[in-house]
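Good morning, colleagues. Please take a moment to look at the sequence and the model on the screen, and then I shall go through selected local features and the domain arrangement.

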Amino acid sequence: MESHLKRVVLGVTGGVAAYKSAELARLLVKAGLDVQVVMTEAAGHFIGAATFQAITGHPVFTSLWDERVDNGMAHIDLSRGVEAILVAPASADFLARLAQGRADDLLTTLCLARDCPLLVAPAMNRQMWENPATTRNMYQLGLDGVALLGPDTGEQACGEVGFGRMLEPEELLDALLAWFQPKRLRGLKVLMTAGPTYEAIDAVRGITNRSSGKMGYALARAALEAGAEVTLISGPTGLKPPPDAETIQVVSAQEMLEAVEARVGEVDIFIAVAAVADYYVLNPSDNKIKKDAHILTLELAPNPDILANVTALPKPPFCVGFAAESENLEEYAELKRKRKHLPLIVANDAREAIGSDRVQLVLMDDQGRHVLDTADKLTQARRIVAHLADLYNQRYP
Ligand code: CTP
């Protein structure tokens, strides 16, 4: 994990979703964080303190009058030296008390006395969430600088369906880490391509490749986390688009090119991650081709090179390319970088990259090569964003 987040307070309030907070605590600890749990009294009706103590290795605090704190000031002691307070689940009652600046239990007092960011993950019945009182409280908390994580929509413990469901523990961990990423691309517009393209042969068949789209989607997310406005043009992947990106789904290379051309004039950075098919089928059949005993010949014509088209513009944005190679990785990648006039290219082993979640990458720029040791794709995406932001700032100080 590459952020300065090391210690957090996890606040747990009274809601059915409190059972998920145990899993959240486990994920936070697994991510290398020191976690101090503070529960409200109501939370104790849903989950036991012993569970959190076992997971975090720290005793859990609930009361303002806890005799275990030498100076009697648990509300001050517990919030000092932590980089964040995350309250998950945050009940409607807790949020109301927070919005009013109440200090009627340890957790609200801790929030009032904090000198670090406060993030809340609401969890409540959909009617409680939609109630004007809750809307008012959330509006006030937004003005007060409290960060909101979720809620999500879906099936609720009460059997109803709607907004108010707490985000899943993995999503909360991701959101917390994302919140702490440096905002290196703030104010910049990023356009990206991702995934494979699909070139139709007939009504039901086509030519495509094994690109999963995971690297492109991870980069979209890393760029969003870094504060950029992101437009993602994606071939068919089946991946869930990053919620805060504008995502445009396309099928063929020609469609991808048109989508890029329509938007590239407005952006600061263009990142071509897509594995664009090099050829398309001339005269694809509108109907399903019936088999017969004859040899079937497909005529293929070259697709446009989207990235090369962008770098050839009179005023191109800052362009980043990818090179997936199965041999002579750095040599071929550098040739590609020069041929396409790119300030930065990301090289990877084509066989390793496909389908795998962990990859090694080499960044090639005017200064030389920079190896990014094997890591998951989101970590690599964050490293790429850090590097490209440095290059961008050198070029446009
Ligand atoms: N690219 C593109 N449009 C294409 C082909 C590639 O935008 N029609 C972009 C990819 O998104 C990637 C880079 O160009 O950023 C890859 O370069 P390329 O030389 O086309 O890669 P390959 O197709 O793998 O080339 P080769 O077969 O020469 O290795």
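Let me begin with helix α9, which is mostly covered: 9 of its 12 residues are buried, where buried means under 20% relative accessible area, exposed means over 50%, and partly exposed lies in between, using a 1.4 Å probe and protein chains only. The model is a predicted one, in which local features need pLDDT of at least 70 and side-chain atom pairs count only at pLDDT 80 or more, while totals for chains, interfaces and linings use all residues. Residues are numbered from 1 along each chain as its sequence is written, and side-chain values use heavy atoms, with hydrogens and water left out.

Helices (H or I, at least four residues) and strands (E, at least two) are DSSP runs, numbered from the N terminus. Helix α9 covers residues 214-225 and reaches 16 Å from its first C-alpha to its last, close to the 16 Å expected at 1.5 Å a residue; the expected span is 1.5 Å times one less than the number of residues. Among the buried residues of α9 are Met215, Tyr217, Leu219 and Glu225. Just after α9, glycine 227 takes a positive phi of about 95 degrees.

I turn now to the aromatic rings. Rings of Phe, Tyr and Trp (its six-membered ring) pair if their centres lie within 6.5 Å; planes under 30 degrees apart count as stacked, over 60 as edge-to-face and the rest as tilted. The count by this rule is 3 aromatic pairs. One of them joins phenylalanine 318 and tyrosine 392, edge-to-face, at 5.8 Å centre to centre with 75 degrees between the planes. This pair links distant parts of the chain, with phenylalanine 318 in strand β16 (residues 318-325) and tyrosine 392 in helix α14 (residues 377-395), 74 residues apart. Both phenylalanine 318 and tyrosine 392 are buried. Tyrosine 392 also pairs with tyrosine 396: the ring centres are 4.9 Å apart and the planes lie at 45 degrees, so this pair is tilted. Is tyrosine 396 buried or partly exposed? Tyrosine 396 is partly exposed, because its relative accessible area is 40%. Phe318, Tyr392 and Tyr396 form one aromatic cluster.

Next, the domains, whose bounds come from an automatic or database domain assignment. Domain 1 runs over 7-180 and domain 2 over 189-395. Their centres, taken over C-alpha atoms, are separated by 39 Å. The contact, meaning heavy atoms within 4.5 Å, takes 4 residues from domain 1 and 4 residues from domain 2. The two domains bury about 270 Å² between them, 36% of it on carbon and sulfur atoms; buried area is the accessible area (1.4 Å probe) that two parts lose on being put together, summed over both. In domain 1, Asp174, Leu177 and Ala178 lose the most area to domain 2, together 87% of what that side buries.

Finally, the backbone. Most residues other than glycine have a negative phi, and most peptide bonds are trans. The peptide bond from alanine 88 to proline 89 is cis, with omega near 0 degrees, and proline 89 is found in strand β3 (residues 84-90). Asparagine 283 has a positive phi of about 50 degrees, and asparagine 283 is exposed, with a relative accessible area of 69%.
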